[in-house]
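Please look over the sequence and the structure shown here before reading the notes below them.

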Amino acid sequence: MHSIVARLILLMLTHSAFVSAAEIDPSVRETGRIQFMMCAACHGKEGEGTAAAPPLAGSEWVMGPAENLIRIQLRGLRGPITVKGREYDIAAGMAPMAYQNDAQIAAVLTYVRQSFGNNASSVQPSQVAALRGEVGKPQLTVADLTPHGQAAPAAIVTPSNKYANLDEGVSFPRWAVIGIMVVFLAGVGVWLAKSK
Ligand code: HEC
C-alpha cells in the first residue's frame, strides 16, 4: 500500500506543472532547432532580427499567449507590428508555414519560446491541432492577435486578492497546485494513520 502512495506522490511531483524548460524532451528540442532554420532565414540565427523580419529574442509576442504564435505560423502576419518598442512593417509580411505538422510547429514554437534568453511555457501539438481551422484564412494583422500584456483568464488576479502583488502569470497556478498538494498529502496522512 505504501508504495502506491509513494508512486502517487511521485506522479504529482513530476506532473507537467513542475516540468521546467530545462527538462524538455531533447528530441522535441532537436526537432524545434531543425525547424527553426526556416525562421532563421528571416528572423536571424539567434532570433536577433534582420532587415527581413523583427527579432524573436526578447519579443513580447513570443513570450505572450502561445495561441498568437500558432496562428501567426498558420496564417502568416502583415505589419505594422511593434516589437520591443520598434515598429516593423516589412513589405510582404510573413507568409504562412502551415505545411509543417502539429508536432513540428509545437516543437519550433517551444524552441523559440525557450531559446535566445526567452523563457515561456512550451507549446503542445494538441494546441496546434485545435487551431488548424485557421489555415487558409488571410494573413493576420496585429488587430487579430490577443494583446500580449493580457494574462490568460485563469491567471488574472482580482485586486482584492491578497496575492495581487505577486506576478500574475506564475503565482496563481503555482499557489493553486501547492494548495491542492497540501490537501492531498494531509488526506494521505490521515488515511495512513487510520489504516494502521
Ligand atoms: C520570409 C520571412 C519570414 C520567415 C521565414 C518567418 N518570418 Fe516571422 N515574421 C516575418 C515578418 C516580416 C514579420 C513581421 C510582419 C511585418 O513586418 O509585416 C514576422 C513576425 C513574426 C512574429 C511576431 C513579431 C515578433 O518578432 O515577435 C513571430 C512570433 C514570428 N514572426 C515567428 C516566426 C516563426 C516561429 C517562424 C518560423 C516557423 C517565422 N516567423 C518565419 C518574416 C518571416
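Predicted model: local features only at pLDDT ≥ 70, side-chain atom pairs only at ≥ 80, totals over all residues.

Residues are numbered from 1 along each chain as its sequence is written. The protein chain has 7 helices and 2 strands, where helices (H or I, at least four residues) and strands (E, at least two) are DSSP runs numbered from the N terminus.

**Whole chain and confidence**

- Along the sequence, the protein chain runs in the pattern α-α-α-α-β-β-α-α-α.
- The protein chain has 196 residues, of which 21% count as buried; a residue is buried if 20 or more other C-beta atoms, placed from the backbone, lie within 10 Å of its own, exposed if 12 or fewer, and partly exposed in between.
- Among the contacts in the protein chain with a separation of 6 or more, 61% join residues 24 or more positions apart, a contact being two residues whose C-beta atoms, placed from the backbone, lie within 7 Å.
- The mean pLDDT, which is the predictor's confidence in each residue from 0 to 100, is 84 for the protein chain, with 76% of its residues reaching 70 or more.
- Over residues 13-20 the pLDDT stays under 50, and the model has 3 contacts beyond four places in sequence for them.
- Residues 150-158 also have a pLDDT below 50, and this stretch has 13 contacts in the model beyond near neighbours in sequence.

**Around the ligand**

- There are 30 residues around the ligand, and Cys 39, Cys 42, Ser 59, Gly 79 and Met 94 come nearest; a residue is near a molecule if its C-beta atom, placed from the backbone, lies within 6 Å of it.
- Two or more residues of this shell come from each of α2 (26-43), α3 (60-63), α4 (66-75), β1 (81-83) and α5 (102-113), and α2 gives the most, with 5 residues.
- The shell around the ligand has 23 nonpolar, 5 polar and 2 charged residues, where Ala, Val, Leu, Ile, Met, Phe, Trp, Tyr, Cys and Pro count as nonpolar, Asp, Glu, Lys and Arg as charged, and the others, Gly among them, as polar.

- In α2 the buried residues include Gly 32, Gln 35, Phe 36, Cys 39 and His 43, and α5 is part of what covers the buried residues of α2.
- α5 is largely enclosed by the rest of the structure, because 9 of its 12 residues are buried, among them Ile 105, Leu 109 and Tyr 111.
- The buried residues of α5 pack against α2, α3, α4 and α6 (125-129).

**Two loop residues**

- Gln 139 lies in the loop between α6 and α7 (168-195) and is partly exposed, with 16 other C-beta atoms within 10 Å.
- Not counting residues up to four places away in sequence, Gln 139 touches Arg 75, Gly 76, Leu 77, Arg 78 and Gly 93.
- Ala 95 is found in the loop between β2 (86-88) and α5, and it counts as exposed, with 11 C-beta neighbours inside 10 Å.
- The C-alpha atoms of Ala 95 and Arg 78 are separated by 8.6 Å, although these residues are 17 residues apart along the chain.
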